[in-house]
Amino acid sequence: MDDPKKRQRAALMRDHNFKWLLRGSTISMLGDQLTMVALPWLVLKLTGDTLALGFVIALMSIPRAVFILIGGALVDRYSPKRVLMLSKYASALLLGVLTVLVLNNQPTLTLSLSDSLSLTIDMNAHLTLMLIYVLALGIGLAQAFGIPSGTSIMPQAVGPEHLQAANGVLMGLRQLSMLLGPLLAAGLLAISSDGDGVVADAHGLAFAFGFDCVSFLVSAWTLSRVSLLTAPARTEAPQSVLRSVASGLTMVWNDVPLRLCFIYWGIVSLFIGGTMQVALPVLASEKLHGASAFGLLMGANGAGTLLGMAGAAVAGARLRFASFGTVLLAGDAIAGLLVMPLGAVHAPWQACALMLTLGLLSGYMQIKVFTWIQRRVPPNMMGRAMSIFMFIFMGLAPLSAAVAGWALTKIELSQMFLGGGIILVVFAALAYLFTPIGSIDTDNTTSTPQPQ
């Protein structure tokens, strides 16, 4: 008997727009994962300073946090394709400069992080670090416009009957890239390192940044092949960008369940979001086996996330044992328990097992949360709603990375992971006991349309 779902999936894969978006997203996501591993490793090997690492992550987050809400408003006003195209060209330029910078400063990458910590950092290294700070700031600014446009383009590229399946394919692909990208980056860094984890040349790092640069150019070309569907007609006069941002914030504030969840996520991200971003590369550098271990940790997390998303897609509707809010808070509490022992591991397989389990939990919850928001927010507000959501996790969370980098100069790595896990468990428990978040469910989740 013919399966309607199989026919729908086959029709989606024949869709012209979806095929071009899929091709561009595949190479772009893989390039992004290479940079996510290579950039912190470059900073650590250039300086050996966790504070510098935290500062680079914070510099990427500052423009993203400041401008991502404006980016969401511009997406709702103009074509998401146009905004996304410009952000891709800007990112390609910045990563091209970073590639050339790494290749032309190879001597600064021959720093030995031995037990004596005898580092020789000349003025050339200081200049290189300053340029990395500037480039990180620019990359964050490009992301502020690329993220909301990338998450908003799908409803204008495929028909509504294919939207859920298309989102599922791309989210699964993103997690697959989180598995393959770090493993590829780990191999490149291992090839360019000696047995003690010292960077012997810049070829591995330069290839990672160069590949990401080319991936943005290729994905910009595939995006140019996409023909957007007719956008819904506007019913009101266009607002200024700031008023448009304000209307998006007002919509979220007036929707009590959205407001509660967004505030909770913001508090959690602000307090402990930077712990994993800074502490994981330090864990790989100090306790495990260097660059290859860092890639394995990220790969294990990506594999777990992919499996968790697949499980949510297959059995999510049937696997219902509590309300959405209760599952959300329980997931955070379990994640906190898994983070606590990370700083005490002494073998890569132990850390990979914990990261795999964290990924499983994260993947399942991402599908639940993303679907809940999509069902709740009206289409004409989706760009702004998603920009607020991304602001929380990609804007606020990395701001705490600078604090985490400073904290690691004062406390032990094991204390960082233990404290972060405890904070997450405590926040989840307090939210369950003293707020209505635990009673939020997925029923009746359609908001009243808001003015544009």
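I began with the largest nonpolar core, which has 107 residues. Leu98 and Trp265 have the most contacts inside this core. A nonpolar core here is a set of buried Ala, Val, Leu, Ile, Met, Phe, Trp, Tyr and Cys residues joined through side-chain atoms within 4.5 Å. Buried means under 20% relative accessible area, exposed over 50%, and partly exposed in between (1.4 Å probe, protein chains only). Helix α10 gives the most to the core, with 13 residues. Helices are DSSP runs (H or I, at least four residues), numbered from the N terminus. I also found a second, separate core of 18 residues, which includes Phe18, Leu22, Ala157 and Leu173.

I noted how the model is read. It is predicted, so local features need pLDDT of at least 70 and side-chain atom pairs pLDDT 80 or more, while totals for chains, interfaces and linings use all residues. Residues are numbered from 1 along each chain as its sequence is written, and side-chain values use heavy atoms, without hydrogens and water.

Next I looked up Trp265. It is buried, with a relative accessible area of 4%. Leaving aside neighbours within four places in sequence, Trp265 is in contact (heavy atoms within 4.5 Å) with Leu328, Val369, Trp372, Ile373, Phe389, Ile392 and Phe393.

Then I turned to the rings. The whole structure holds eight aromatic pairs. Rings of Phe, Tyr and Trp (its six-membered ring) pair if their centres lie within 6.5 Å; planes under 30 degrees apart are stacked, over 60 edge-to-face, and the rest tilted. Phe262 and Trp265 have ring centres 5.7 Å apart and planes at 40°, so this pair is tilted. The two are three residues apart in helix α10 (residues 256-286), about one helical turn. Phe262 is buried too, at 6% relative accessibility. Phe262, Trp265 and Phe389 form one aromatic cluster.

I checked charges over rings (NZ of Lys or CZ of Arg within 6 Å of the ring centre and within 35 degrees of the ring normal). Arg23 lies over the face of Trp20, 4.6 Å from the ring centre. Arg259 has its charged end over the ring of Trp253, 4.6 Å from the centre.

Last, I looked at Trp349 in helix α13 (residues 348-376). Trp349 is exposed, with a relative accessible area of 61%.
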